[in-house]
Amino acid sequence: AGEPLTEFIFEDKIFGIQTVDSTLYVLLSESAVQISLAGNVPILSGTAFAYAPAARPYKLLGSDVYVNMQGEVRLFSGEEWAEDTIVTEAVLSGDMLYWLSDTSEVSRVRHGDKAEFFTLSGEAAALTANAAIIWQNGALCRESFGTFVQPTPTPSPIPTPTPEPTATPKPSKTPKPTATPKPSTTPKPTATPKPTATPDPDVTAKLRVSGHILYAEPGVTAAKLRAAFPQAEVEVYTSSSAAASGRLKTGMSVLIDDKLYTVIVPGDINASGTVNTADMRLLQRVLVGETELTDTAALAADLNENGRPDAADLVLLAAKMQRD
């Protein structure tokens, strides 16, 4: 008849509303509330799950899985879906999570397993559980997923065991020979210095050190970083202190000859390793007071380096995305 069957009033501010199956979720500042839609009259089912304000859901993927404002996929219990998984566009199909890990790469992972990836033939525009919509030669095309693979770790060489020397029989005693004068000592030849490795100038131009911060432009990988410091021992770690490879991401750590640096990729606010629209949306939410950034994310967002993320950084981020 055009009249409401019932109404619900919340004292807290509503940040989002989303339906999953026959349930409506109302996202408040510190909890999500369920409203059942499985009848003629909506019924308030109570609190579905609670969360810290900084970890408020950005998007629900299922009845017990969501993406928070930092791009982490978590269960309502607070458990992380998979380690070091930061998503922008994601789809949950059964127990398999699909997400865009790069503009032309789709990753998938079951809860608690290792992620696999599939490389697209163009830049992704949208994602489903079995295909992606990609830009190819100026047109939108559908590309079905083929075989997903796991990154192949480089095996460490197994050292060859050194055989034990064969014992030799002790020689019979012989009379001591007459001592002869020692020859004059011949000076050792001067060692030839090793050729000096030359840093890669293309990579060096994309790096800048300021105190304990290592600024790296988007696209610089761990391998390219080592090429920029050919005479140094360079180790790269994730934010959880695991050995890392591939693209550098905001929040990673780099050890260069026993000096520890924190990696900041300007514009990579959500620590995905790329600068895209997800970073712009996150910065917009920060500027309107909907969320807060960690210290490393704030440094990545402060593109004009005036000490804080502001509207001017949003303009610079848009220009950076268009330029890159």
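The model is predicted, so local features need pLDDT of at least 70, side-chain atom pairs count only at pLDDT 80 or more, and totals for chains, interfaces and linings use all residues. Residues are numbered from 1 along each chain as its sequence is written, and side-chain values use heavy atoms, with hydrogens and water left out.

**Aromatic rings**

- Searching the whole structure turns up 10 aromatic pairs, meaning Phe, Tyr or Trp (six-membered ring) rings with centres within 6.5 Å; planes under 30 degrees apart are stacked, over 60 edge-to-face, and the rest tilted.
- Tyr-66 and Phe-76 make a tilted pair, 5.9 Å centre to centre with 45° between the planes.
- Both Tyr-66 and Phe-76 are buried (under 20% relative accessible area; exposed is over 50%, partly exposed in between, using a 1.4 Å probe and protein chains only).
- Tyr-98 and Phe-145 are stacked, at 5.9 Å centre to centre and 15° between the planes.
- Tyr-25, Phe-49, Tyr-51, Tyr-66 and Phe-76 are joined into a cluster by ring pairs.

**A charge over a ring**

- Arg-208 sits over the face of Tyr-215, 4.3 Å from the ring centre (the cut-offs: NZ of Lys or CZ of Arg within 6 Å of the centre and within 35 degrees of the ring normal).

**Positive phi angles**

- Most residues other than glycine have a negative phi.
- Asn-137 isn't a glycine, yet its phi is near 55°; Asn-137 is also exposed, with a relative accessible area of 82%.
- Ser-241, another non-glycine, has a positive phi of about 70°, and Ser-241 is exposed at 61% relative accessible area.
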